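Reader: Could you walk me through how the helices and chains pack here?

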Amino acid sequence: MRHELITDAALVGNYLKGDENALSVLIYRHKQKIYSFIYSKVCDRDITEDIFQDTFIKVIKTLKLGKYNEEGKFLPWVMRIAHNLIIDHFRRNSRMPKFDNSGEFSIFSVLSDSALDAEKTIIKEQIECDLRRLINELPEDQKDVLVMRMYQDMSFKEISDKTGVSINTALGRMRYALINLRKVIDQKNIILTN
Amino acid sequence: MAKLYPEKSPQKQNDLNPKEETVNFLLNYSKALKVIECKKLKFETLLN
């Protein structure tokens with residue numbers, strides 16, 4: 001009860017003078033608020049525990065390094081640190097998504113078969129066949145450039161060397177090849193998606 | 001009318017407290033952490 005009479009600011013002051021017990025009072029005084037705040041955002045006890053711990057590690061370091069500017073706002077300051085760490089946690093998680101193991105677990109949520117099934121394989125072959133026929137309909141110069149670029153993976157520099165035209169001409173032929181392909185696809189309502 | 005089933009609500013607020021071991025770790029960490037000032041530089045040392 002006696003501790004409640006001491007303000008946060010005074011406790012921080014005492015802690016900075018070397019009174020470790022002051023930190024203990026501060027943690028016990030605010031732990032529930034801070035922990036609940038973190039839990040309300042992350043909804044996971046273990047992660048909350050980690051963020052709570054990291055928050056106070058940061059608090060302790062900042063205080064000991066003398067970087068804390070006492071303005072009578074100890075709790076809002078700690079909450080802000082927790083808030084930033086929560087954001088860091090979500091950023092990290094969005095880069096490396098983990099599967100949730102707490103509820104119903106489906107192995108298919110983490111394992112996926114990238115191989116096409118029989119139906120999709122047939123559709124893919126059909127699309128490739130249609131596309132080859134469309135390419136064959138193109139004017140010879142455009143067809144050559146497109147085949148060299150797309151199927152033989154040649155650069156426009158290599159294409160220009162091989163066909164004896166400038167790079168700009170090769171680029172222009174590629175552009176017209178694509179425009180013509182799109183035109184024919186639109187005209188004949190050909191669907192080229194799997 | 002279709003029933004609405006909200007997601008599981010977080011546990012009761014009064015149940016939400018850090019583990020005792022977490023708090024103890026922090027208190028021990030604080031005791032172990034020393035900051036040494038050398039000229040304008042500050043070094044952190046963690047004593048076991």
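Predicted model: local features only at pLDDT ≥ 70, side-chain atom pairs only at ≥ 80, totals over all residues.

Reader: How many residues of chain A are in contact with chain B?

Author: Happy to start there! Two residues count as in contact if their C-beta atoms lie within 7 Å. On the other chain, 18 residues of chain B take part, and on chain A the number is 20.

Reader: Which element gives the largest share of the side of chain A that touches chain B?

Author: Two elements give two or more residues to that side, α3 (20-42) and α4 (45-64) of chain A. By class, the side has 10 nonpolar, 5 polar and 5 charged residues. The largest share, 10 residues, comes from α3(A).

Reader: Are α3(A) and α4(A) parallel or oblique to each other?

Author: Their axes are 9 Å apart, and the helices pack at an angle of about 130°. The crossing of α3(A) and α4(A) is right-handed. Because of that angle of about 130°, α3(A) and α4(A) are oblique.

Reader: How many charged residues are in the contact of α3(A) with α4(A)?

Author: From α3(A), the contact includes A:Ile34 and A:Tyr35, while α4(A) brings A:Phe52 and A:Phe56 among others. The contact divides into 10 nonpolar and 2 polar residues, and the charged ones number none.

Reader: What about α7(A) and α8(A): how many charged residues has their contact?

Author: The axes of α7 (residues 140-151) and α8 (residues 156-163) of chain A come within 10 Å and cross at roughly 140°. Among the residues making the contact are A:Asp144 and A:Arg149 of α7(A) and A:Lys162 of α8(A). Alongside 3 nonpolar and 1 polar, the charged residues number 3.

Methods
Residues numbered from 1 in each chain as written. Chains lettered and ligands numbered in written order. Axes fitted to C-alpha atoms, helices over the stretch in contact; angles between N-to-C directions. Helix = DSSP H or I, 4+ residues; strand = E, 2+ residues; numbered from the N terminus. Nonpolar A, V, L, I, M, F, W, Y, C, P; charged D, E, K, R; others polar. Parallel < 35°, antiparallel > 145°, perpendicular 65-115°, else oblique. Left-handed = near helix turned anticlockwise from the far one by under 90°.
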